[in-house]
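User: Hi! I'm new to reading protein models. Could you walk me through this one?

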Amino acid sequence: MRTILIVAISAALALTTILTTPALAAAQTWHIQVGSILDFPAGHFGNAFYPSQIAAHAGDTVDFGVTSPHTVTFNRPDNTPLFAFFVPPGGTTTSATLSAKGQFVNTGFDPVSFAPYSFTLTLGPALPPGRYEFICALHLGMRGAIDVLPAAAQLPKTDADYAAERSGEIARDLNSANHVGDKISDKAAHKPLTVYAGAGTKRVTDLRFFPSSITIHAGQSITFLKTHDPTEPHTVTFGIEPPNIFGPQGGPPFTFTGSNSISTGVLLTKKQYDFYIGGAIGVPVQVDKDTITFATTSTTPVTYTYICAIHDDVGMRGTVTVLP
């Protein structure tokens with residue numbers, strides 16, 4: 001009887017332990033928005049991950065909603081030029097499993113037929129705890145991280161918490177983009193014969209020329225500056241785009257006659273040039289400004305349209321009216 005009682009008590013204690021031990025959490029799905037279209041008509045875009053950092057468990061899934069031209073890239077190999085992250089039309093990676101630290105994962109970027117899409121990343125069931133950082137390979141400084149916690153660790157936030165953070169961050173970025181646009185417009189108004197190619201911060205960009213229209217006399221020159229938009233490259237292109245829009249055409253020095261085609265190629269900060277490995281994409285030297293002389297001979301005013309060959313599809317265009 002005593003033996004039976006001991007066995008019964010032991011079984012009861014074991015059952016109690018089973019019932020009171022919390023089960024491992026079921027796999028969850030988390031959401032990160034990649035970039036944001038803050039105000040399309042104004043050319044305001046967010047170059048950030050929303051949110052930029054989450055905590056999750058191995059076995060969870062992270063859904064990256066790619067809203068605009070960006071990549072999701074883990075462990076970018078050293079000395080890899082920009083074009084290595086481009087893919088053929090329809091070649092964007094839409095799912096992957098992250099199984100180990102140091103593993104290279106890249107969605108790629110389709111420059112011909114980009115459309116918003118979702119990239120589903122599964123955190124492998126045996127993925128060790130730790131921080132896993134990712135970047136956008138197109139935009140310097142655009143980065144995020146997933147903190148993988150031990151299976152028994154409680155996660156600090158829910159996906160709904162991150163969604164609320166995301167909404168707040170996007171609202172703040174819109175305010176920032178509006179402020180940047182107002183500030184650079186005021187600056188441009190006090191700088192004759194100067195046009196700023198883009199404006200922004202480490203998180204937002206205004207894909208416009210400031211001012212978008214300028215009037216000069218034949219023989220005068222305009223200096224185009226790419227000094228206030230740290231995350232985006234820009235070109236100043238008159239006429240037909242060159243086969244490689246990243247490389248210069250017709251200069252330097254640049255002279256526009258009204259009938260020729262010229263392009264500065266991409267204007268880049270030094271950090272951008274190093275990040276893209278500029279020489280490998282056809283950019284011989286790093287420049288963040290170029291001067292164009294307008295040697296037109298018309299006896300009447302003529303207005304010429306120019307573009308940023310990278311961002312013309314979102315309205316980055318300007319005009320120069322040349323008076324005799």
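**A chat about the model**

Analyst: Happy to! The protein chain has a mean pLDDT of 92, and 92% of its residues reach 70 or more; pLDDT is the predictor's confidence in each residue, from 0 to 100. This is a predicted model, so local features need pLDDT of at least 70 and side-chain atom pairs count only at pLDDT 80 or more, while totals for chains, interfaces and linings use all residues. Residues are numbered from 1 along each chain as its sequence is written, and side-chain values use heavy atoms, leaving out hydrogens and water.

User: Where does pLDDT stay under 50?

Analyst: Over residues 1-23, and there the model has zero contacts beyond four places in sequence. Contact means heavy atoms within 4.5 Å.

User: OK, strands now. Is strand β10 largely enclosed or open?

Analyst: Strand β10 (residues 143-149) is largely enclosed by the rest of the structure, because five of its seven residues are buried. Buried means under 20% relative accessible area, exposed over 50% and partly exposed in between, with a 1.4 Å probe and protein chains only. Strands (E, at least two residues) and helices (H or I, at least four) are DSSP runs, numbered from the N terminus.

User: Which strand runs parallel to β10?

Analyst: Strand β3 (residues 53-57), joined to β10 by five bridges; Ala-56 has Val-148 as its bridge partner there. Strand β9 (residues 130-135) also pairs with β10, in the antiparallel sense over six bridges, and Arg-131 is partnered with Asp-147. Two strands pair if DSSP finds at least two bridges between them.

User: Switching topic: how many aromatic pairs are there?

Analyst: The count comes to 19 aromatic pairs. Rings of Phe, Tyr and Trp (its six-membered ring) pair if their centres lie within 6.5 Å; planes under 30 degrees apart count as stacked, over 60 as edge-to-face and the rest as tilted. One of the pairs is Trp-30 with Tyr-162, edge-to-face at 5.8 Å centre to centre and 70° between the planes.

User: What does that pair tie together?

Analyst: Trp-30 lies in strand β1 (residues 29-39) and Tyr-162 in helix α2 (residues 159-189), so the pair ties together parts 132 residues apart in sequence. Trp-30 is buried at 1% relative accessibility, and Tyr-162 is buried at 4%.

User: Why is the pair of Phe-64 and Phe-134 edge-to-face?

Analyst: Because their planes are at 85°, with the ring centres 5.3 Å apart. Phe-64 lies in strand β4 (residues 61-66) and Phe-134 in strand β9, so this pair ties together parts 70 residues apart in sequence.
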